[in-house]
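Visitor: I would like a close look at a single part of this model. Please keep it brisk.

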Amino acid sequence: MSTFVSADRLALLVSLVPYLRQQDEAVPVETAAAHFGVKPKQVRDAVRLIAVSGTPGDAGVYSHLDLFDINWDAFELQDLIEVTHFVALEEAPRMSNREAAAVIAGLGYLRSLPRLVDESRIDELLGKLGPSGAAPHFAFGTTGEHPAARDAVAAAIATNRRLRFRYRREDGVESVRHVDAFTLETLGGDLFLHGWCLERDAERVFRLDRMRDAVVTDVRAPARAEAKRGRPIFAPSDDHVLVTLEVGTAVLPLIRDYLPPGAPVPQTDARGRAVVDVRIASMQHLARLVAGNAGQMRVLSPDSARAAVLQWAADALRAQQED
């Protein structure tokens, strides 16, 4: 028989108070013990500990109003648990403005990612945290449009079915692909599908914003022992452009995804900046990456990469002014 260790005692204490609070009348010790799957003696010990627990008042000392209280006659004579005074449960924990903003921003970011959880649950939490009667707004684009293929990709992964779509490469060439989807991931604000491409008979990674007419087929995706499902989204190649970046501490975790496996983590200087060389396959992706981390990322070389970022920013500004 397992020993009732400290962790078990703490779990019982944490669970027993809300359980007793929900009861309309005194609860027999045997009933509470059966509910939690413990011995009656363990429940009695927990009740006696609760009776000397509470929260100190403003002066840092305890008064009778700061402690739990129970009906001792019922407990000692009839083996009944009746809490006559509860403390520490009257008010919900309060967050500071900074803590609330961090939680809201995090939920907003999750809302923009692949459907890892029920989005209605996130919306419900956002509604509770946001201003009463006002729709919350988030820098992460809660109300922005997701790539059209996202729902189809998520459905293919959930049902283990093959996916068919048209894919446009960076050079503009389009082709029809049939893919057994593995995972849906995010990197630098973009969504990527990692799966097995039948046309290439190999693993490939596809950007969702380049996918068109995505459809979940009736073909079941087979298991593939040769697939390396843990591979990174971006695999640096000597064919990619070598770009030197100056980055801040905040974006170092993101930059690690662009480094070859086993590469050392960049070290920051006294200013909290690091200079790192990365391989970039797409200048457009580089421009979006730098723009999305303004103030934390700067292109040092080559000149072609700096020009690509400048052109992307100029085009975005011009489009904004035209709107």
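Where does asparagine 160 lie? And what can you tell me about the strand that follows?

Guide: Asparagine 160 lies in the loop between helix H7 (150–159) and strand E5. Helices (H or I, at least four residues) and strands (E, at least two) are DSSP runs, numbered from the N terminus. A word on the basis: this is a predicted model, where local features need pLDDT of at least 70 and side-chain atom pairs count only at pLDDT 80 or more, while totals for chains, interfaces and linings use all residues. Residues are numbered from 1 along each chain as its sequence is written, and side-chain values use heavy atoms, with hydrogens and water left out.

Asparagine 160 has a relative accessible area of 31%, so it is partly exposed. The cut-offs are these: buried is under 20% relative accessible area, exposed is over 50%, and partly exposed is in between (1.4 Å probe, protein chains only). Leaving aside neighbours within four places in sequence, asparagine 160 is in contact with Val219, Arg220 and Ala221. Contact here means heavy atoms within 4.5 Å. Aspartate 180 is 20 residues from asparagine 160 in sequence, and their C-alpha atoms are 7.8 Å apart in space.

E5 covers residues 161–168 and holds phenylalanine 165. Aromatic pairs come in here. Rings of Phe, Tyr and Trp (its six-membered ring) pair if their centres lie within 6.5 Å; planes under 30 degrees apart are stacked, over 60 edge-to-face, and the rest tilted. The count by this rule is five aromatic pairs. One of them joins phenylalanine 165 to phenylalanine 206, edge-to-face, at 5.3 Å centre to centre with 80 degrees between the planes. Phenylalanine 206 sits in strand E8 (residues 202–207), so this pair links distant parts of the chain, 41 residues apart. Phenylalanine 165 is buried at 1% relative accessible area. Phenylalanine 206 is buried too, at 2%.

Tyrosine 167 also pairs with phenylalanine 206. Their ring centres are 5.0 Å apart and their planes stand at 80 degrees, so this pair is edge-to-face. Tyrosine 167 lies in E5 and phenylalanine 206 in E8, so the pair ties together parts 39 residues apart in sequence. Tyrosine 167 counts as buried, at 7% relative accessibility.

Of its 323 residues, 33% are buried.
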